[in-house]
Every structure is written in C-alpha cells, then in structure tokens.
Amino acid sequence: MPVVNRLSPLLWATFLGFGLLALSDEKPCTLHHEGKYYDLNPLKASKDYDFETSGGHHFYLNVCRPVSTEPWSPDVPDNVDIAGLVRKDHHDFAIGLVNTTLEMRGTGLMLHLSNGSPCPGKDNLYGSSSVRFLCDTSVYGAGKPVVISQFPEDDDQACQYTVEWRTHFACPTGERGIFSGIIVFLVIIMMILLMLFVVSSTLYNRFVLSKRGFDQVARFSKAHLLELVDFCMELFQSAVDIVRSRWARSTRDLNTASHHWSSRDEERAMMVADPLEDDHDRELQDTNAWRDSAVDGPQGADDSGTIPS
C-alpha cells in the first residue's frame with residue numbers, strides 16, 4: 001500500500017481532532033449557538049467608547065479588553081483589568097472587570113462584568129454591569145452603547161448598570177477557523193511553487209535550451225514540467241557526486257599523508273642511534289683498546305721487552 005494511502009486516515013483524524021477542539025473550546029468573545037457563530041472581537045478599540053449615564057456622568061467602556069482611560073482612584077487592586085469606568089465627582093467607579101465569555105439571552109448576546117469598585121454604603125457588594133448586544137444591520141459602524149437602567153437610580157450611589165448596545169457586529173457571521181487557515185496556507189504554498197516554476201523554467205529555456213525572445217518564457221505543460229524536474233534532479237545529483245568525490249579525495253589524501261608520516265617516523269627512529277647507547281659503545285671500545293695495549297706491550301718491541309733503536 002502506498003505511503004500516502006496509509007497516512008490519509010491519520011491526516012483526516014488529525015484535521016477532525018483540531019476541528020472538534022476548535023469547536024469545543026470557544027475563542028475569547030466568541031460564541032457558537034444553534035449552529036450560528038458570533039464574534040465581538042471587532043468591537044475592541046484603542047480608544048474607549050464614551051457615553052453618559054442618566055445623571056450626566058461620563059461612562060467609559062471597552063469590549064473584551066481593559067479600558068485605555070487612566071482610572072482615578074477606583075479602589076480596586078492595581079493588577080486587575082477594568083472593563084469600564086463611571087467618572088463620578090470625587091473618584092472613578094469601576095463597573096466590573098474584563099470578561100470574554102459571551103452568553104445568549106433571548107435574541108441578544110450578554111456580557112456580564114463583575115468585581116468592580118466597592119458599592120457605596122454596602123458591605124461585600126461590588127460594582128457590576130450587564131452589557132446586552134443586539135443585532136442591528138441598520139447600524140453600519142460599531143454603534144454606541146446606552147445605559148438603560150442603574151441601581152440605585154441616584155448617580156452617586158449607583159452600583160449596578162445595564163447597558164444596551166445595538167451593532168451589526170452582534171449578528172451571526174462566518175467563522176474563520178483552522179480549515180480556513182489551512183486553505184490560506186495552501187494558497188500561499190501554491191503561489192510560491194508557481195513563482196519557482198516560472199523562474200526556473202525561464203532560466204532553463206534560456207541557458208540550457210538556448211532559446212531567445214518569447215520562446216524562453218515558461219511553458220505550462222506536463223511534458224515541460226517533467227523535463228524541468230528531470231533536469232533539476234540530474235543537476236542536484238551531479239552536485240552531490242562532486243561533493244562526495246571531493247570529500248573522498250580529501251579524506252584519502254589526509255589518510256595517505258598520515259600513513260607516510262608515520263612510516264618515515266618509524267624508519268627514522270630505527271635508523272637514528274640512541275646517544276646514550278653510542279657513548280656506552282665508545283667507552284667499551286676505549287677500554288678494550290687499553291687492555292690490549294697493556295697485554296701485548298708497545299708496537300715493535302721484541303720478546304725481551306727491549307725496544308730496538
């Protein structure tokens with residue numbers, strides 16, 4: 001069985017696993033509901049949405065990210081992400097912390113924000129709000145949030161807010177998941193391969209086939225593609241053979257030089273005498289010569305020991 005056929009079930013299983021994982025684990029500020037997909041990430045803004053409460057206080061709100069407005073004494077920890085602020089007379093009131101989990105309530109998306117600033121005169125009660133996003137295709141832009149209720153109604157004592165936001169971004173939209181990403185990746189790969197084919201085919205026609213003018217332009221045919229692939233394979237094989245031969249030659253020369261050097265070293269070691277051994281031999285020769293002269297006497301003496309004149 002070909003390798004491709006054996007790998008096909010594995011590839012399909014991998015793609016299916018990624019797809020199920022993407023569906024089971026919602027991305028921030030997205031929701032799958034009754035076969036439809038909702039995404040509020042386009043409502044993220046570098047500048048906060050600025051509107052007013054019923055008492056005329058400024059309300060700063062952002063979606064799925066902290067507000068960019070610098071808070072003024074909101075009485076919350078420094079390391080938390082504030083989702084919205086109400087600028088009151090003597091301080092800012094945090095209406096909740098950032099939340100990226102959407103819920104479907106009736107015909108609109110609901111985003112709950114909680115754990116904001118401590119409520120005035122209330123123990124263990126903190127600022128919170130509910131932002132309801134309604135699908136409205138007549139609103140071309142992002143739309144503008146509106147405070148429809150607050151509790152208590154007094155602006156200075158208000159601790160809980162309900163905000164309504166009509167926007168076309170709250171309408172169902174197409175989901176761009178892993179499969180769309182794979183398609184984009186494949187398109188990019190195909191474009192790169194096409195560019196490589198055009199360039200290599202033009203160079204082949206000009207320098208190998210010696211064509212000129214429009215004849216050297218790449219031809220899109222199966223026979224030409226196979227011819228170009230064969231030429232590239234032969235060129236690659238030739239380059240590999242050249243590299244291998246040079247490597248083998250350099251390795252052989254290195255080994256030969258090392259062997260000759262070792263042989264000459266051994267011959268020199270065998271031929272060159274040890275200086276200490278030469279001194280010892282010389283001393284033995286001198287001793288033997290002195291002994292012979294002492295026994296035989298001086299050269300030319302007769303048996304009586306008298307040296308003739």
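1. Among contacts between residues at least 6 apart in sequence, what percentage join residues at least 24 apart? In this predicted model, the figure is 46%. The protein has four helices and eleven strands, and of its 309 residues, 24% are buried.

2. The largest nonpolar core holds 31 residues, and Leu-40, Phe-59 and Phe-133 have the most contacts inside it. Two or more residues of this core come from each of β3 (49-52), β4 (58-61), β5 (82-87), β6 (92-97), β8 (108-113), β9 (128-135) and β11 (160-167).

3. Phe-59 deserves a look of its own. Beyond its neighbours within four places in sequence, Phe-59 is in contact with a run of residues that includes Tyr-49, Asp-50, Phe-51, Glu-52 and Thr-53. Leu-85, Val-86, Ile-95, Val-147, Tyr-161 and Val-163 are also among the contacts of Phe-59.

4. Next, please click on Asp-92, in strand β6. Is Asp-92 buried or exposed? Asp-92 counts as buried because its relative accessibility is 0%, and the cut-off for buried is under 20%. The Asp-92 side chain makes a polar contact of 2.7 Å with the side chain of Arg-87, and it also reaches the backbone nitrogen of Trp-72 at 2.7 Å. Leaving out residues up to four places away in sequence, Asp-92 touches Glu-70, Pro-71, Trp-72, Ser-73, Pro-74, Leu-85, Val-86, Arg-87 and Ser-117.

5. Now the largest pocket, which has about 150 Å³ of space. Its lining includes Pro-66, Val-67, Ser-68, Thr-69, Glu-70 and Pro-71, and Pro-74, Val-76, Pro-77, Asp-78, Val-80 and Ile-82 are lining residues too. By class, eight of the lining residues are nonpolar, two are polar and two are charged.

6. Over to the helices. Gln-216 sits in the loop between α2 (178-208) and α3 (222-271), and it counts as buried because its relative accessibility is 16%. Its side chain is joined to that of Arg-206 by a polar contact of 3.1 Å. Apart from residues up to four places away in sequence, Gln-216 touches Ser-201, Thr-202, Asn-205, Arg-206 and Lys-211.

7. In helix α3 you will find Cys-232, which is partly exposed, with a relative accessible area of 37%. Cys-232 and Ser-200 are 32 residues apart along the chain, and their C-alpha atoms are separated by 9.2 Å.

8. Finally, some backbone details to check. The peptide bond joining Phe-151 and Pro-152 is cis, with omega about -10°, and Pro-152 lies in the loop between β10 (146-151) and β11. Which phi values are positive in residues other than glycine? Glu-34 has one near 50°, in the loop between β1 (30-33) and β2 (36-39), and Asn-124 has one of about 60°, in the loop between β8 and β9. Glu-34 is exposed, with a relative accessible area of 72%, and Asn-124 counts as exposed at 73% relative accessibility.

Conventions. Residues numbered from 1 in each chain as written. Predicted model: local features only at pLDDT ≥ 70, side-chain atom pairs only at ≥ 80, totals over all residues. Heavy atoms only, no water. Buried < 20%, exposed > 50% of the residue type's maximum accessible area, 1.4 Å probe, protein only. Polar contact = N/O pair within 3.5 Å; in protein donor to acceptor, adjacent residues only side chain to side chain. Contact = heavy atoms within 4.5 Å. Core = buried A, V, L, I, M, F, W, Y, C linked by side-chain atoms within 4.5 Å. 1 Å grid on protein atoms, 1.4 Å probe; cavity = no way out; pocket = protein on both sides within 12 Å on 5 of 7 lines; lining within 4 Å. Points joined across faces, edges and corners; volume = space filled by probe spheres on them. Nonpolar A, V, L, I, M, F, W, Y, C, P; charged D, E, K, R; others polar.
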